[in-house]
Amino acid sequence: IELARRIQQEQPQHPVGYLLEADAMWWKFYCEACEIKWNMVDAWKRGKLPADEDYFKVVDRAIQLAEDALKTNETAEMHFYAGAGWALRARLHGLRDEKLATARTGVKGRAHFLRAIELDPDLADAYTGIGLYNYYADALSAFTKFLRWFMGIPGGSKKEGIQQLEKGMKGELTGIEAQFYLSKCLRNYDQQYERAIELMQPLAARFPQNPIFHLLLGDMQAKLARNQQAAASFHAAQKAANTDHDSKCAARVRQVAQQALKAVTSDK
């Protein structure tokens, strides 16, 4: 967040600094909301918090700057930035279980991502955004079908979304998130645990200081009864969290990891 704000000071009329700050804030929200539910570690749902308003202000500033820039010079890059802003809005609406707001903001992001790809088919980051839309629009099909009829919300395809997320993994800004979300989606909705592990394991190895990667990797390993590997991942999550004793994120990680460890060691 500190680095993102430095970019904002250096380039106050460019959206990227605000997008990076909002994305960092999102990961804090995600971490603080993690829990074990339906036998899976994830951030499932939480209510509104005061910090949400600061997040929306940063996101809205990024959207405004990108869309203002598009009025004078249409580029694939600015369409991506605008789409990313709307996608970040959709993330928090989704975490708060605000289905209509999630759908509306997701559709606005989708339009920008599609236009970005139309202008530059090689812009890998834009495929992350459209890939997530297509995957979730299909995975959450019951509600999406209702919205398609009620509000004209475009549908999606999980197969196409997976292919697009694989392209997004080559993105400069969103490559890591594309890999993370593809892994998580394959676990949550397709039970493709082996493939999910193949995607999450390199992230945990490359970013050992990120406890979220370890938590989800351990959860995936546990699904395949690889309890020893799962326990090692949960211990790694605790170790990463122990470097930050005061944050809500670290406290939540330690809590979830301890709970998960009991489940994989209960037979010993």
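Which helices each supply at least two residues of the lining of the second largest pocket? Let's start there, and keep in mind that this is a predicted model. The answer is H2 and helix H3, the latter running over 51-72.

So, the pocket itself. The space in this second largest pocket is about 220 Å³. H2 gives the largest share of the lining, with 5 residues. If you want to click through the lining on screen, look for Met25, Lys28, Phe29, Glu32 and Ala33 among them. Further along you'll also find Arg46, Leu49, Pro50, Ala51 and Asp54. Ile1 and Lys248 are part of the lining too. Sorted by class, we get 7 nonpolar residues and 5 charged ones, and no polar residues.

Okay, staying with H2, let's talk cysteines. How many disulfides does the count come to? The count comes to 1. The disulfide is between Cys31 and Cys249, with the sulfurs 1.9 Å apart. For anyone who likes the geometry, the angle about the S-S bond is 80°, and the link is right-handed. Cys31 sits in helix H2, residues 16-33, while Cys249 sits in helix H13, residues 248-265, so this pair ties together parts that lie 218 residues apart in sequence. Both Cys31 and Cys249 are buried.

Last stop, His214. Is His214 buried or exposed? Buried, because its relative accessible area is 9%. You'll find His214 in helix H11, which covers residues 211-223. And what is His214 in contact with, once we leave aside its neighbours within four places in sequence? On one side of the numbering there are Ala204, Phe207 and Pro208, and on the other Ser233, Ala236 and Ala237.

That's my tour: the pocket with H2 and H3 in its lining, the disulfide from Cys31 to Cys249, and buried His214 in H11.

Definitions and conventions
Residues are numbered from 1 along each chain as its sequence is written. This is a predicted model: local features need pLDDT of at least 70, side-chain atom pairs count only at pLDDT 80 or more; totals for chains, interfaces and linings use all residues. Side-chain values use heavy atoms; hydrogens and water are left out. Helices (H or I, at least four residues) and strands (E, at least two) are DSSP runs, numbered from the N terminus. Buried means under 20% relative accessible area, exposed over 50%, partly exposed in between (1.4 Å probe, protein chains only). Contact means heavy atoms within 4.5 Å. A disulfide is a pair of cysteine sulfur atoms within 2.5 Å. On a 1 Å grid over the protein atoms alone, a cavity is a set of points where a 1.4 Å probe fits but cannot get out, and a pocket is an open set with protein on both sides within 12 Å along at least five of seven lines; lining residues have an atom within 4 Å of a point. Grid points are joined across faces, edges and corners, and a volume is the space filled by probe spheres set on the points. Ala, Val, Leu, Ile, Met, Phe, Trp, Tyr, Cys and Pro count as nonpolar, Asp, Glu, Lys and Arg as charged, and the others, Gly among them, as polar.
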